[in-house]
There are 2 protein chains.
Amino acid sequence: MNKLLSVGSIALDSIYTPFGFIERTMGGAVSYIGLSAAIFDVEQAVVGVVGYDYPKEYLDALADREIDISQVQVSTERTLFWSAKYHTDMNARQTLETQLNAFAGFRPVVPAHFTDARFVMLGNMEPSLQLEVLQQLTAEHKFVALDTMNYWIERTPQELHRIISMVDLLCINDEEARQLSGEYSLVRAAHQIMRLGVPYLIIKKGEHGALLFHKDEVFFAPALPLDEVFDPTGAGDAFAGGIMGYLAKSGDVSFENMKNALIYGATIASFCVESFGTKRLLALTKDEVLRRLLEFKSLTQFEIKIA
Amino acid sequence: MNKLLSVGSIALDSIYTPFGFIERTMGGAVSYIGLSAAIFDVEQAVVGVVGYDYPKEYLDALADREIDISQVQVSTERTLFWSAKYHTDMNARQTLETQLNAFAGFRPVVPAHFTDARFVMLGNMEPSLQLEVLQQLTAEHKFVALDTMNYWIERTPQELHRIISMVDLLCINDEEARQLSGEYSLVRAAHQIMRLGVPYLIIKKGEHGALLFHKDEVFFAPALPLDEVFDPTGAGDAFAGGIMGYLAKSGDVSFENMKNALIYGATIASFCVESFGTKRLLALTKDEVLRRLLEFKSLTQFEIKIA
């Protein structure tokens, strides 16, 4: 069985939407990634840090899915705290507050029996920390995915470019792709970014789906049109978690199989936004995922008939 | 051979983009619709009005494609004039000026040998004029598509609701769908609008593709990711023209075949935006369309593998 290692933030989130609010709920990239990848029954570890105030039940939710949390450090500081507000247009959000707390001093340590992981997800954090993780890995044929954000594109461009050149897949959103490349057209942005030395690039467009680029090929995975997007928090991480979980399960990182990975990722993300925070992922079953995959198929598949 | 009748605006457009500008070029909904549908070699008529100042070569471009222009009236006033400016984000445009001119007094007359047309496209105009066209039609099993805009949603909602209930397909953009339904979610908006009595609804999302709704079914056609969107003017009309041309050619208005129609429409629209105004459509060949259809197929098609 392939091992999947995810490293990144674990947080307490306060989220305000037009439909209500929730405070200090389970959050952070690796919470969403871990829960999403758990659908695929792969051998998983998550690495991160929490504060003394992090509820035990949130860590139990990971441990209950047989996710190794031995290197989720418990700090004497408070947990990373993030709060945000969404308006009617769920694609735009306003960050109200970020308190780094314990995450400010985070130094990732890969569990000894996961240094040989073949599948690795480096969540958004300082590029030098992402590099520290890479340096602990030993597998010869590994597949490493990277997320980042505007802050690192602006502040540490050289370190970021270096880590991008060392990974297999970069998974960022449209605004980040434009900022990183200086190109407005996403197609041009993609080719500019791949020239940094990363063979696969996913550009996430929120409710407008996601594009996968590899050499001269491109694939598009739509977002499932939903009656209501209740809370988009974590959708991008759920998408990445679904992709990496599926890839780890299948062990196949060809472009053709990556298409399937995107559809699985989009399917899991479509559940994620149905409730606050991680709530829907915590209740998600594999049967539900498989049923919704069929909706994706009917949403996008057609036979070309020559008129 | 099925007949396709299109009724609506013919205009002179001045368009300003970050890449340059063009003034008083061939424009208006039925110019784009006629040129796009002409790819399918169907029997076509367009009905509209031009002013004394409309260049003969623009009408010749339609007549050269064996499109009946016998009821394109020539007014003693000037031609409808529209100008707009695009910024880097091509999805947002600023209308600089609309001079209705000859179009203000337009009363559509369907050519005698097109009153039995089975396929009819009612371009955006006053709902009472769209009704006048409907009343001239005689075919028992016809398929009528309708476009409209925010102006009529606000000013003549009752007349608009009435004409919507009388047609088979409504083709509008996302903002119009939200305004018409009062719902932000496009899925909810779609079901609200179909309750007005229209069985098929297409919601256009510009560079983010288009959704087709019918009963409880939904299909998504992406927009082809392009290196550069040079000028989005007319893309929505080219999309509608491609759809109606394909439907008229195939004679099949099932939901399954409508999916193909959307892909053809999206393909032709993807050419439309590559140059100013109608320029690219004027040079477009069927071979180019068929080649690009294959790109659409590889962009969106996947095999579900159960992980």
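Pro127(B) is buried, with a relative accessible area of 2%, in what is a predicted model. The residue belongs to helix 3 of chain B, which spans residues 127–135. Once neighbours within four places in sequence are set aside, Pro127(B) is in contact with Trp152(B), Thr156(B), Glu159(B), Leu160(B) and Ile163(B).

When residues up to four places away in sequence are not counted, Thr278(A) touches Met26(A), Tyr32(A) and Leu35(A). Ser181(B), found in helix 6 (residues 174–181) of chain B, counts as buried at 13% relative accessibility, a value that falls under the 20% limit. A polar atom of the Ser181(B) side chain lies 2.8 Å from the backbone oxygen of Ala177(B), and, with residues up to four places away again left out, Ser181(B) touches Ala189(B), Gln192(B) and Ile193(B).

At the level of whole elements, helix 9 of chain B (residues 255–272) has 18 residues and reaches 25 Å from its first C-alpha to its last, close to the 26 Å expected at 1.5 Å a residue. Because 17 of its 18 residues are buried, helix 9 of chain B is largely enclosed by the rest of the structure.

The interface between the chains was examined next. Contact between the two chains involves 44 residues of chain A and 44 residues of chain B, and together the chains bury about 4000 Å², 56% of it on carbon and sulfur atoms. Between chain A and chain B, 16 residue pairs are in polar contact, with both residues at pLDDT 80 or more. On the side of chain A that touches chain B, the elements that give two or more residues are helix 7 (186–194), strand 14 (217–221), helix 8 (235–250), helix 9 (255–272) and helix 11 (286–300) of chain A. Helix 11 of chain A gives the most to this side, with nine residues. By residue class, the side of chain A that touches chain B divides into 23 nonpolar, eight polar and 13 charged residues.

Two salt bridges are found across the interface of chain A and chain B. In one of them, Arg188(B) pairs with Glu228(A), with the closest N and O atoms 2.8 Å apart. A salt bridge also joins Glu228(B) to Arg188(A), with the closest N and O atoms 2.8 Å apart. This pair crosses between chains, from Glu228(B) in the loop between strand 14 (217–221) and helix 8 (235–250) of chain B to Arg188(A) in helix 7 of chain A. Glu228(B) is partly exposed, with a relative accessible area of 27%, and Arg188(A) counts as partly exposed at 34% relative accessibility.

Over all chains, a search of the whole structure finds 20 salt bridges. Among them, Lys3(B) forms a salt bridge with Asp116(B), the closest N and O atoms being 3.0 Å apart. The pair links distant parts of the chain, 113 residues apart, with Lys3(B) in strand 1 (residues 3–7) and Asp116(B) in the loop between strand 8 (93–99) and strand 9 (119–122) of chain B. At 16% relative accessibility Lys3(B) counts as buried, whereas Asp116(B), with a relative accessible area of 38%, is partly exposed.

A salt bridge within a helix is formed by Asp60(B) and Lys56(B), for which the closest N and O atoms are 2.8 Å apart; both residues lie in helix 2 (residues 56–63) of chain B, four residues apart, about one turn of the helix. Asp60(B) counts as partly exposed at 27% relative accessibility, while Lys56(B) counts as exposed at 60%. In chain A, finally, Glu274(A), Arg280(A), Glu288(A) and Arg292(A) are linked in a network of salt bridges.

Terms used. Residues are numbered from 1 along each chain as its sequence is written. Chains are lettered from A and ligands numbered from 1 in the order in which they are written. This is a predicted model: local features need pLDDT of at least 70, side-chain atom pairs count only at pLDDT 80 or more; totals for chains, interfaces and linings use all residues. Side-chain values use heavy atoms; hydrogens and water are left out. The expected span of a helix is 1.5 Å times one less than its number of residues. Buried means under 20% relative accessible area, exposed over 50%, partly exposed in between (1.4 Å probe, protein chains only). Contact means heavy atoms within 4.5 Å. Buried area is the accessible area (1.4 Å probe) that two parts lose on being put together, summed over both. A salt bridge is a side-chain nitrogen of Lys or Arg within 4 Å of a carboxyl oxygen of Asp or Glu. A polar contact is a pair of N or O atoms within 3.5 Å; within protein, one must be able to donate a hydrogen and the other to accept it, and residues adjacent in sequence count only if both atoms are side-chain atoms. Ala, Val, Leu, Ile, Met, Phe, Trp, Tyr, Cys and Pro count as nonpolar, Asp, Glu, Lys and Arg as charged, and the others, Gly among them, as polar.
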